[in-house]
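Biologist: Hi! Could you pick one part of this model and take me through it closely, with the cut-offs behind each term?

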Amino acid sequence: MKALSLVLAITLSGCTTTRPPSGEIRFHNRPPAVVVNDRLDVAKKPSERHYYRNLVKYDRHFQRRLTRWMEMRPARRASNVNSIDEVPDSTWFTNRIGVRDLSVAEIRRGPNVTGTPQKHLPLTIRSSKQSGVAIGFIVEDARGVKYLLKFDERDFPETETSTDAVAQRLLWAAGYQVPEDYVISLRRGDLVIARDAMIVSPTGDHDRMTRSFVDLQLARIAIDKDGSFRALASRYLEGAPLGGHPPDGVRDDDPNDVVPHQLRRELRGAYTIFAWLDHTDVKQDNWLDVYVADPANRKIHYVMHYLVDFGKSFGMHGLIAHSKANGQAYAFDLRNSTLSLLSLGTWQRPWEGKRWPRHVRGIGIFESEKYDPGSWKPNTPEYMPFLDADRFDKFWGAKIVIRFTQDQLRAAVEQGRYSDPRAADYILRILFERQRKTARYWFARVAPLDRFTVLPSNGGQRLCFEDLALRYRLADSPSVRTLYVARAFDAAGQPLASRVVATGTPDGRVCLPLLAPRAPGPDQYTIIRIETSRPGQNLPGVLVHIARDPRSAALRVIGLRRL
Amino acid sequence: MPHRSAAIAVVTAAVALAGASSPSRAEDLPSELAGVVVTEPPVRPWELPPDTLPYLPPPRPLVEPPARTSASVARAPLPDQVSGISRGESSTTGDKLKVIPRALLFVPRVAIEVVGAPVRLGLYAYDRYQVKARAHDIFWNDTGTIGLYPVFDIQTDYAFTAGARFIHRDLFGEHEKLSLRASFGGVFWQQYSGLLTSGDRFGRLHLEAKAEYEVDPRERFFGVGNGDEIEMVAAPIDPYSDPTAIDTRFRQRVARGYGRARLRIVGPLSVRLTSGVLDKVFEEPSKGDIPAGTDIADSYQTDALPAWDDGTTYSYNELELRYDSRHNGDEWEPVSVPSTGWLAAVFGGVSLGFAGAPTHYWVYGGDVQRFIRLGENPRVLTLRLIAQEVRGETDEIPFVDLPRLGGPILLRGYERDRFRDRAMALGSAEYLFDIGRGFAGYLFSDAGRVYPSLQDFTLDELRVGYGGGVEFHSARSFIGRFNIASSIDGGIFFSLSLDPVYDPTDRVERD
């Protein structure tokens, strides 16, 4: 009991630590890094990691979850962000919609550059799918391009194939590396069996593949009345697959992997994006590291990190697993079970009363009314970066989510090729509603001020930024009721005699005059602390670090620290 | 912008007149003034430089940059050097102090790792070597229709049992099933059985044939009647004239063979005809098989027990009419947890002895269950009334065939087979609520008793059990229940039951 009290006291005391108003962090006077060098040659191929499903479930639900808590790790922010709290491009992530405008055509195409195999039939089956529970084959099209072919289950037509294609476009646009996925329509005659085609059993045994085996597999999939069936052709990634990455720590045999994965912003921040898409099938197996050759120099090799298998987004996981709790409870959820048990079943679960168009082909348990961005849960707690993600990571993800326009979302949804137009309309509407709910939630927990820049003004210079909540019409009050109170400090943390107050604008763009007396020092390092408030809402502050560029002598933003 | 300058002037004047500092909360703003800037110390409006330059955010690139290569990023910082931080943040007080609980929890953490290591190793081996798939390859044919595999079970009073089972799931192409099983457990508990079913061969008509042989060395006998339990008696008593209950054991060997036909008449209405032959032999248990002092002969006059001395061989024929509309209340709730509907079953049967065996009695009864859905997931209230009676001469009804109460199914909170007599009646109420995927909690109360006949029915001296537990189920089938129960007569009973509570008792299967 004493030990428990001590643990609690120490935990609570962390909440009362005070820091100076200018913060403690200082930045180098240089522009933020926009790309990292994690493409150094890895001469020896790292070993392949296998996903031991039951072991991982036991660890993440029980043992490792408990012992991890007992390690009393300090809460740490993501450590691979640059000086303005953004993620540089890397083998994990490429900034797209977060930093540039994507055309509708780009969304439609996504990463698909090879061209659909629909135009290069027949598909030759090389082997059965080697892992997972879904039906599938390894095939080659007439050009010899290799794909993993997956299908919809018989009782769930137009589910995983459509969902995968849509989610793939959105995740690619968000910045993740994803394979090329194509939704195609086939008939039995479009699949031919190679003479040396093999059935690979889970135990690794190989048997010759027969026509009856293929027919037996196809009897389990959804087939339309005219005999055609949908498939998702996922182009094989070039390189040697290495399995998923460890959710804790790094790959010991990859010298480029130096940031512990539970501290990577793009992995932690994926929580928000996955919540938006209701991509609950989050496990090591759905990430894939690939040992690739450098496109410019084939002698250099390194590991690229991909996200794969999104067919269970949009509530499909709940539909197929027959569970309305999907997205709001783990498959085994100790907290929810305890609440139910102690309340003798009187506790109302968050997913009760969920409504969605149940009998429209292609729609899973996907809705926005019961959706809570802050308490969304994947199917299992096994992905550590999600458990360690803080509000800054989730805010970063929300910034990406809100960037999608209606036209872009529509272009992505069209790639699902839904036969029922109601399905596409419904999914589009829910994506939009969840998008706004997600952004509104996280923009209320971190001051949603972004795109800081120093611009000239007639009287000098000004610090300008965008209030994303106003920009995207997410604030509950009129823009003018938003107040920004800015104070300036020098590098030593000494306040400068200046306090500026400004109100919000309808488009969210605000500029604050830099009327402060110049900060001392050759680079005039200045820290601007901005507090944002709206009626009924006082948001945490933001510290913007400004210094003079030694080459151009212009003031520029060199750092950002969200509080 | 004259309009803006005027607005600034108004606000500045207002601030100056009020003598207050500029607003610091959104609620303090005086009026609708967009983009107005107020400074402190106040600056006279005409001193503010007019800002005519529009705010244009930096342009965003429109095209995807070229694919990164090792050469193109060669001059970029390494992944752990991008923060740009020249001076970091100190740890919080809480983080610094965490070293104390970290140290305190170190030993327990290591202990958990040590204890969990064999579990992890087992799971690793299970996954790494694909044990499930290999077992399937070993024990089943390629199509999964023929299997020979070990079985493990838990039986009340016999704890862990093990055996083997052969099954053919599709004998003649219409899912006809053949199952052969042998199990052994505890001390000399044995069971051998064979089962043949017609599958989908005959559509709405389902046929079944079964043969079993069991040796039960520790069956329980508490006398006949509703008497209170005592520790021991001075001399063996006649259980038919003295209802005193004493916990005793006996040994029995049962062989049964029967056929059954079930016909679905319309909707939830079905009829079932059962016809079989049973052979039962009773003995005193071996001393080593039972707890000390529980030999049946020590407490009861075994010669007063019908069929004890010579056993009995008899036919049993039964007709049952059943209305079963139980189902899950919502397609999203598991099929294995019915939450709405009725079960009403009435049956009548007759037993006739073979080869001079003095067995001749009628048995009849009914079982009514009502499932009331109280909420999603589901939350269910189940109400049940069940009654049963045997009619015949006392010495023509084998004592083991008397209706019984007590155990994990009927009258929970009491020992198995605690009460037996020529008639029994039981009422039950149970509230079941979903806890998580695959398991539910429940609370129950059972009230009932045995009688010399149903005409003696009374609510006096009812036995009442109560308790709760956790039920495990898959989406389609019941798996088991862990039960904690007690009663108004005291005692606490823990049980693990693999039989569904609300499936009507199969008379021919009961020992």
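Modeller: Happy to! Chain B exposes about 25,200 Å², and carbon and sulfur atoms supply 61% of that area. Accessible areas here come from the Shrake-Rupley method with a 1.4 Å probe, and for residues only the protein chains shown count as cover. Before going further, please keep in mind that this is a predicted model, in which local features need pLDDT of at least 70 and side-chain atom pairs count only at pLDDT 80 or more, while totals for chains, interfaces and linings use all residues. Residues are numbered from 1 along each chain as its sequence is written, chains are lettered from A and ligands numbered from 1 in the order in which they are written, and side-chain values use heavy atoms, with hydrogens and water left out.

Let's begin with the overall build. Chain B has six helices and 20 strands; these are DSSP runs numbered from the N terminus, helices being H or I of at least four residues and strands E of at least two. Of the 511 residues in chain B, 44% are buried. Buried means under 20% relative accessible area, exposed means over 50%, and partly exposed lies in between (1.4 Å probe, protein chains only). Among the contacts in chain B with a separation of 6 or more, 58% join residues 24 or more positions apart; a contact means heavy atoms within 4.5 Å.

Now to the surface. A nonpolar patch is formed there by B:Phe472, B:Ile479, B:Phe482, B:Ile484, B:Ile492, B:Phe494, B:Leu496 and B:Leu498, which together have about 740 Å² of accessible area. Patches are made of residues with over 30% relative accessible area and no salt bridge; like charges are joined within 9 Å, and nonpolar side chains (Val, Leu, Ile, Met, Phe, Trp, Tyr) within 5 Å. Strand E19 (478–487) and strand E20 (492–497) of chain B each supply at least two of the patch residues. One member, B:Ile484, sits in strand E19 of chain B. B:Ile484 counts as partly exposed because its relative accessible area is 38%. As background, side chains in a regular strand alternate between the two faces of the sheet.

B:Glu231 lies in the loop between strand E7 (205–221) and strand E8 (248–266) of chain B. With a relative accessible area of 74%, B:Glu231 is exposed. Its C-alpha atom is 18 Å from that of B:Ser241, ten residues apart along the chain.

Finally, the charged pairs. Side chains of opposite charge can pair when their charged atoms come close. A salt bridge here is a side-chain nitrogen of Lys or Arg within 4 Å of a carboxyl oxygen of Asp or Glu, and over all chains the count by this rule comes to 86. In one of them, the side chains of B:Glu89 and A:Arg19 meet at 3.6 Å, N to O. This pair crosses between chains: B:Glu89 is in the loop between strand E2 (85–87) and helix H2 (93–97) of chain B, and A:Arg19 is in the loop between helix H1 (2–13) and strand E1 (26–27) of chain A. B:Glu89 is partly exposed at 32% relative accessible area, and A:Arg19 is partly exposed at 29%. Within chain B, B:Asp247 and B:Arg249 join their side chains in a salt bridge of 3.5 Å, N to O, and both B:Asp247 and B:Arg249 are buried.
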